[in-house]
Amino acid sequence: MTLEIAHPSADPFEGLPPARRRGTLFIVSGPSGVGKGTIVRELVARDPAVRLSVSVTTRAPRPGEQDGVSYHFCAPAAFEALVEGGELLEHAQFGANRYGTPRAWVEAQQAAGHDVILEIEVQGAIQVRQRAEQAVLVFVLPPSFEELVGRLQGRQSETPDAIRQRLAIAREELTFLPMYDYRIVNDHLEVAIRQLQAILEAERCRVSRLGLP
Ligand code: ADP
Ligand code: 5GP
């Protein structure tokens, strides 16, 4: 038996307006020393379509950190001027220092269709979620608290006092986990990187992100 299939005379996809896709904001948070920077740097190296936001901070550069690459380092007064001028998408105090995301750069990247990663702490993440509901929030956890302590100490970038302060903040930050969309446990680095890649890929497939009219 042959099936009679009615062929539409016109291509049903004809006339569908081309999608105008605005880039998505991906936020990666997690306790200091969990490996956020390591994961995100590797993701950006593997995925040329994604852009990493460079934050402004009042913190002093660590050895090897370059102005304009790791952060835009600035004095407290200059930071306050950015806040007053509405030039930061979000900002927060972390320990003794202030951190914020340059708004204009992020918006230009999104308008050009690039996905943008913000590696920021929890208070800033919640501010972004309130302003941009479609932002995707990813929380990176350590396999254990002991492992987190070991990584922070092993990085040798903070004094013992600063490490204690960061571990105390880490306990507070954990209470924000329910506000996030995804969590990744950074035990094996390669698995964690692949999971972040998978989150990006899945979110890019969302019909609601295609920019259809
Ligand atoms: P964060 O950006 O979250 O503060 P970093 O990316 O600086 O953390 O990582 C902290 C330390 O942990 C670094 O020395 C890094 O090499 C190490 N690290 C990152 N991921 C892993 C992992 N999966 N296993 C072991 N060590 C890791
Ligand atoms: P660090 O001093 O280790 O580079 O960063 C300390 C914390 O500040 C980390 O949790 C990091 O994700 C966060 N952070 C870095 N940039 C920003 C930012 O622009 N805004 C906010 N809210 N947090 C940031």
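A polar contact here is a pair of N or O atoms within 3.5 Å. By that cut-off, a nitrogen atom of ligand 1 makes such a contact with a polar backbone atom of L189, at 3.4 Å. The model is a predicted one, and the distances below are computed from its atoms.

**The ligand site**

| Residue | Atom on the protein | Atom on ligand 1 | Distance |
|---|---|---|---|
| L189 | polar backbone atom | nitrogen | 3.4 Å |

Taken alone, ligand 1 exposes 570 Å², and the protein buries 73% of that area. The space that ligand 1 takes up is the largest pocket.

Which residues come nearest to the ligand? Out of the 14 residues around ligand 1, they are G33, G37, T38, R155 and N186. Sorted by class, the shell around ligand 1 holds 6 polar, 5 charged and 3 nonpolar residues.

Helices also contribute to the shell. At least two shell residues come from each of α1 (36-46) and α5 (145-155). The largest share, 3 residues, is supplied by α1.

**The side chain of D115**

D115 belongs to strand β7, which covers residues 115-119. Is D115 buried or exposed? Its relative accessibility is 2%, and because buried means under 20%, D115 counts as buried.

The side chain of D115 has polar partners in the backbone and in another side chain. A polar atom of this side chain lies 2.8 Å from the backbone nitrogen of T24. The side chain of R204 is in polar contact with the side chain of D115 at 2.7 Å.

**The chain as a whole**

The protein chain contains 7 helices and 9 strands. Along the principal axes, its C-alpha atoms fill a box of roughly 80 × 45 × 30 Å. The chain has 213 residues, of which 40% count as buried; D115 is one of the buried residues.

Technical notes: Residues are numbered from 1 along each chain as its sequence is written. Chains are lettered from A and ligands numbered from 1 in the order in which they are written. This is a predicted model: local features need pLDDT of at least 70, side-chain atom pairs count only at pLDDT 80 or more; totals for chains, interfaces and linings use all residues. Side-chain values use heavy atoms; hydrogens and water are left out. A residue is near a molecule or strand if one of its heavy atoms lies within 4 Å of it. A polar contact is a pair of N or O atoms within 3.5 Å; within protein, one must be able to donate a hydrogen and the other to accept it, and residues adjacent in sequence count only if both atoms are side-chain atoms. Accessible areas come from the Shrake-Rupley method with a 1.4 Å probe; for residues, only the protein chains shown count as cover. On a 1 Å grid over the protein atoms alone, a cavity is a set of points where a 1.4 Å probe fits but cannot get out, and a pocket is an open set with protein on both sides within 12 Å along at least five of seven lines; lining residues have an atom within 4 Å of a point. A molecule sits in a cavity or pocket if more than half of its atoms lie within 2 Å of its grid points. Helices (H or I, at least four residues) and strands (E, at least two) are DSSP runs, numbered from the N terminus. Ala, Val, Leu, Ile, Met, Phe, Trp, Tyr, Cys and Pro count as nonpolar, Asp, Glu, Lys and Arg as charged, and the others, Gly among them, as polar. Buried means under 20% relative accessible area, exposed over 50%, partly exposed in between (1.4 Å probe, protein chains only).
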